[in-house]
Amino acid sequence: MVDVARGYRRSTGHRRAGGSAGAGADLTQIAQSLFSFLDPNNVAPPRKKLPNVESQRIITVMDEVMKKVQLVSIVPALCEDVSVVEGIMPATAVAEIQQHAQLLERFEAARAEAAEAPNSAGLAQARADAADAVRNSVRNLTRTLQNHPAALAEARARLDARNVAMGAFLERFEELKTLMFERLLTTVEEEKQRQDYLRQVIAKEQRSSTEVEKLEGQLGEARRERNKEVSKRNEVIRRLKDELHDIKTQTAETNKKVEADCRTRMEACSDVFAATETQLKDTIEKLKQKLGEETKAHRETELALRKRKFKIETEVENWINKYDADMTEKQDELEELQGVYHEELEQLAELEKQYNKLKDEYERILEERRIESEKKDAAEREMRILVNSATLIQAIWRGFKARRALKNKGRSKSSEKKKK
């Protein structure tokens, strides 16, 4: 189980550079798969008792830890408000609680002093002594609380509503104990099945992450192209704005120069001002008229530039919408191709299965024919041997008969001579 989890961490570690949104979605899916796999409701063990002594010891230790945590969780609340137990516990227990509260204050003070002077050995030793005193006090206080179970239950009922965080921790610890109990009920075969399933999930996730990285690469390339286009259009807009700003600046500078020239002439020609006042007023009027015309022209130019900017922004938005539509169409096409690919894989597997059957049948027929041919050749060889043997035996027998006949003929002739 640990090796499979390490493999999963290694597989997910290679994807972290591929974008937080896609990686987060993949991790969420894998986490949901793992939680569904580890859920004891999915593979419920048929046993209700722990199979060995070690498992029973583990559960017993967790029960003891939970009891001690429950006892220790009450101590801070009692130190804050000792009046909760003044009427339900003996005076000695109340005194121990008050003494523990004083030890806690002393420990906090020693820790603060040691933090201010970290190189002081004396302050460090004082902090260690205070910590030992707190530990001993907690041990004695828990023993005292265990000796008064009725008062402890009543105090816990009053304080549980205050310590919401500790209540949540105890609930999670109880869930952990239940999960551990269900985990210890699992046999080696069931654990092996879970590991195999987890490996399958990790392999599927790795394939999915590879495909996601590929699609993210394509998406990044498309985004870079779009950003280049947007950058070009923004550069055009920036240049137009700079031109507009330059025109406005030049107009303002022209106005300033005209006003400065007027003031200079007024100062230099104060004596002839009356004679030239009418002329200067005409000049000023002309300049104002020219300024109005230029301002109007500039406004028209600005309006045209604004219209062009709006048109460019509309084109950019249309490109973005077209990009989204193309990506959706590509995704649908990809899913359709994957479906066709899986169907063709199934057909290929079926054809391979049929081909293997026909191949086995063909090899079996060839083997039968070979065996039959070998048997036929052996029978022919045996027949030839028998024919040759019979021919040889017949020849030997005919020779034997001829020799015996000649011998018998010679004996009959000798007997006839003896009789005569």
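Trainee: Which side chains meet in a salt bridge at 3.1 Å, N to O?

Mentor: A salt bridge is a side-chain nitrogen of Lys or Arg within 4 Å of a carboxyl oxygen of Asp or Glu. Here the side chains of Lys-322 and Asp-326 meet at 3.1 Å, N to O. A word on the source: this is a predicted model, where local features need pLDDT of at least 70 and side-chain atom pairs count only at pLDDT 80 or more, while totals for chains, interfaces and linings use all residues. Residues are numbered from 1 along each chain as its sequence is written, and side-chain values use heavy atoms, with hydrogens and water left out.

Trainee: Where do Lys-322 and Asp-326 lie?

Mentor: Helices (H or I, at least four residues) and strands (E, at least two) are DSSP runs, numbered from the N terminus. Lys-322 and Asp-326 both lie in helix α9. They are 4 residues apart, about one turn of the helix.

Trainee: How many helices and strands are there in the protein?

Mentor: The protein has 9 helices and 0 strands. Along the sequence, the pattern reads α-α-α-α-α-α-α-α-α.

Trainee: Is Lys-322 buried, exposed or partly exposed?

Mentor: Buried means under 20% relative accessible area, exposed over 50%, and partly exposed in between (1.4 Å probe, protein chains only). Lys-322 has a relative accessible area of 44%, so it is partly exposed. Asp-326 is partly exposed too, because its value is 31%. Of the 420 residues of the protein, 18% count as buried.

Trainee: How many salt bridges does the structure hold?

Mentor: The structure holds 18. One of them joins Arg-224 to Glu-221, with the closest N and O atoms 2.7 Å apart. Both residues lie in helix α8 (residues 188–268), 3 residues apart. Arg-224 is partly exposed at 46% relative accessibility. Glu-221 is partly exposed at 38%.

Trainee: What forms a salt bridge with Arg-364?

Mentor: Glu-361 does, and the closest N and O atoms are 2.1 Å apart. Arg-364 and Glu-361 are 3 residues apart in helix α9, so about one helical turn separates them. Salt bridges can also share partners: Asp-63, Glu-174 and Lys-177 are joined that way into one network.

Trainee: Which residues gather in a patch of negative charge on the surface?

Mentor: Patch residues have over 30% relative accessible area and no salt bridge; like charges are joined within 9 Å, and nonpolar side chains (Val, Leu, Ile, Met, Phe, Trp, Tyr) within 5 Å. Asp and Glu count as negative. Here the patch gathers Glu-329, Asp-332, Glu-333, Glu-335 and Glu-336. Asp-332 is found in helix α9 (residues 273–419). Asp-332 counts as partly exposed, because its relative accessibility is 43%.

Trainee: What should helix α5 span?

Mentor: The expected span of a helix is 1.5 Å times one less than its number of residues. Helix α5 (residues 121–146) has 26 residues, so it should span 38 Å. Its end C-alpha atoms are 38 Å apart, which agrees.

Trainee: Which residues in α5 are buried?

Mentor: Among them are Ala-130, Ala-131, Val-134, Ser-137 and Leu-141.

Trainee: How many residues apart in sequence are Phe-107 and Ala-126?

Mentor: Sequence distance and distance in space are read separately. Phe-107 and Ala-126 are 19 residues apart in sequence and 8.6 Å apart in space, C-alpha to C-alpha. Phe-107 has its place in helix α4 (residues 91–116). Phe-107 counts as buried, because its relative accessibility is 18%.

How values were computed. Accessible areas come from the Shrake-Rupley method with a 1.4 Å probe; for residues, only the protein chains shown count as cover. The place of a charge is taken as NZ of Lys, CZ of Arg, CG of Asp or CD of Glu.
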